[in-house]
Amino acid sequence: MSNKHCSLKVNNTLGLDIGTRFLIVAKNKETILEAWKFSKFLKLPFLILGEASNVLFLEDFDGIIVLNRIKGIKVYEDTRTWKLHIGAGENWHELVQNMLTKGIFGLENLAWIPGTVGSVPIQNIGAYGVELKDVCNYVDVMHLNNGKIKRIYSNECNFSYRDSIFKNKYWTNFVIISVGFSLEKKWKPVLTYNDLKYLNPVTAWDIFNEIFLIRNRKIPDPKIIGNVGSFFKNPIVTQKKATLLLKYFPDMPFYPCINNQIKLAAAWLIDQCNLKGYYVGGSTIYNKQALILINTGQATPQDILSLAREIRVRVGKKFDIWLEPEVRFIKAQGECNAIEMIS
Ligand code: FAD
Ligand code: EPU
């Protein structure tokens with residue numbers, strides 16, 4: 001059977017024309033377990049996905065892809081907080097909007113991020129001054145070998161910038177089936193991001209609406225232009241390295257972060273290499289945001305890969321900073337090492 005048997009073109013936000021041997025939509029955990037057993041029986045690779053907004057398929061997938069669509073929204077409260085227990089297959093942005101409508105605030109800075117709830121703990125999604133770790137209470141994971149469910153509390157998740165224990169190789173035979181959130185009833189706006197600072201006084205809806213405008217100015221809608229958001233992570237360097245770079249590039253944006261380290265803006269580094277307008281086949285860099293690689297319509301996975309490699313080499317040679325992909329790379333047999341693929 002051809003791997004293109006099931007097309008994933010509308011099921012990956014890059015809009016790449018790739019396929020998979022089997023595609024299963026799972027509305028409950030039993031279906032996921034059945035699909036896993038099926039993959040073992042056929043000796044085929046297995047991959048769980050949300051909305052494929054953070055993956056780059058390098059070729060057709062030679063196995064079973066399960067789209068997690070486990071739904072369910074439960075809201076509890078105690079005197080101080082709202083507690084949410086959310087099915088992993090709920091759409092993240094719809095959840096944020098739904099909670100605002102109910103008068104439950106705290107997720108608004110993370111609005112408009114594509115994908116499912118089950119994926120948000122994996123890379124500890126972040127935007128405009130808030131990260132998932134700030135609102136996450138627990139993550140429920142199901143072990144595929146025995147169907148047992150384990151609750152992992154936020155303090156055990158090792159959340160850091162675009163990272164968590166769920167990216168560790170140890171977590172290969174599991175799926176996230178629900179996520180718990182804890183939101184303070186006494187809402188405090190987070191306005192630390194520069195473009196939000198002037199919003200004062202402010203409601204959660206103001207933040208939600210403002211973030212729509214900011215994102216619209218620089219992030220393309222994947223329904224119109226295929227993309228995966230930021231392709232690379234922002235690099236984190238030592239103070240010594242940042243000071244050296246600032247000597248030669250005094251305009252370089254930099255953001256102090258934990259452990260005396262400095263986060264740099266990958267978009268700025270790419271921009272300094274004059275890479276906007278550079279094409280590889282059907283892929284190029286988005287003209288309003290250099291960290292976003294786009295499919296102009298006919299891009300192949302190899303186009304995106306070559307473009308990413310070129311960006312990494314140019315930035316590396318100019319700044320001696322070697323960018324790491326944020327996006328997960330998937331080959332026919334499963335995930336592969338993204339850095340190796342573009343080195
Ligand atoms: P997928 O891409 O489907 O999966 C990502 C990885 O998680 C894969 O390895 C997959 O196997 C695994 N996975 C998925 N679901 C499960 C599960 N239930 N259990 C176990 N493993 C699972 N990210 C940010 O942090 N901040 C942003 O501001 C942001 N903006 C974006 C803007 C655009 C336009 C786009 C396209 C992407 C953006 N992203 C951003 C990246 C992306 O939206 C997030 O990483 C999102 O959480 C991915 O969700 P998904 O359901 O599409 O995951
Ligand atoms: N910049 C340029 N050229 C550009 C774009 C930006 O020089 O083309 C410079 C500007 O100086 C700007 C700085 O880069 O001040 C940072 O840019 P921006 O504010 O757009 O944010 P970013 O660092 O590129 C990060 C996240 C986004 C998140 C925004 C808002 C990463 C890898 N990306 O982008 O997350 O939405 O901040 O918080 O951390 C994602 O992860 O997919 C994603 C979109």
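A polar contact here is a pair of N or O atoms within 3.5 Å; within protein, one of the two must be able to donate a hydrogen and the other to accept it. Keep in mind throughout that this is a predicted model.

**Stop 1: the start of H2.** Select asparagine 91 and histidine 93. Asparagine 91 caps the N-terminal end of helix H2, with a side-chain oxygen 3.1 Å from the backbone nitrogen of histidine 93.

**Stop 2: the two faces of H2.** Select residues 92-101, which make up H2. Which residues of this helix are buried? They are Trp92, His93, Leu95, Val96, Met99 and Leu100. Looking down the helix axis, these buried residues fall within an arc of 160°, so they line one face of H2. On the face turned away from that buried side are the exposed residues Glu94 and Thr101.

Now show what the buried residues of H2 pack against: strands S6 (73-77), S7 (81-87) and S12 (174-184), together with helix H3 (204-218). Past the helix, select glycine 103, which follows H2 and has a positive phi, near 80°.

**Stop 3: the second largest pocket.** Select Gly106, Glu184, Trp187, Lys188 and Val190, which lie nearest the centre of the second largest pocket among its 14 lining residues. The space in this pocket comes to about 270 Å³. S12, one of the strands packed against by the buried residues of H2, supplies the largest share of the lining, 3 residues. By type, the lining holds 6 nonpolar, 3 polar and 5 charged residues.

**Stop 4: asparagine 124.** Move to the loop between H2 and strand S8 (126-127), where asparagine 124 sits. Is asparagine 124 buried or exposed? Its relative accessible area is 0%, so asparagine 124 is buried. Its side chain makes a polar contact of 3.1 Å with the side chain of glutamate 131. Beyond neighbours within four places in sequence, asparagine 124 is in contact with residues including Leu132, Lys133, Phe159, Tyr161 and Asp163.

**Stop 5: phenylalanine 57.** Finish in strand S4 (residues 55-57), which contains phenylalanine 57. Phenylalanine 57 counts as buried because its relative accessibility is 1%, under the 20% cut-off. Leaving aside neighbours within four places in sequence, display its contacts: Leu8, Leu16, Ile18, Leu47, Leu49, Ile65, Pro301 and Ile330.

Technical notes
Residues numbered from 1 in each chain as written. Chains lettered and ligands numbered in written order. Predicted model: local features only at pLDDT ≥ 70, side-chain atom pairs only at ≥ 80, totals over all residues. Heavy atoms only, no water. Buried < 20%, exposed > 50% of the residue type's maximum accessible area, 1.4 Å probe, protein only. Helix = DSSP H or I, 4+ residues; strand = E, 2+ residues; numbered from the N terminus. Arc of directions from axis to C-beta. Contact = heavy atoms within 4.5 Å. 1 Å grid on protein atoms, 1.4 Å probe; cavity = no way out; pocket = protein on both sides within 12 Å on 5 of 7 lines; lining within 4 Å. Points joined across faces, edges and corners; volume = space filled by probe spheres on them. Nonpolar A, V, L, I, M, F, W, Y, C, P; charged D, E, K, R; others polar.
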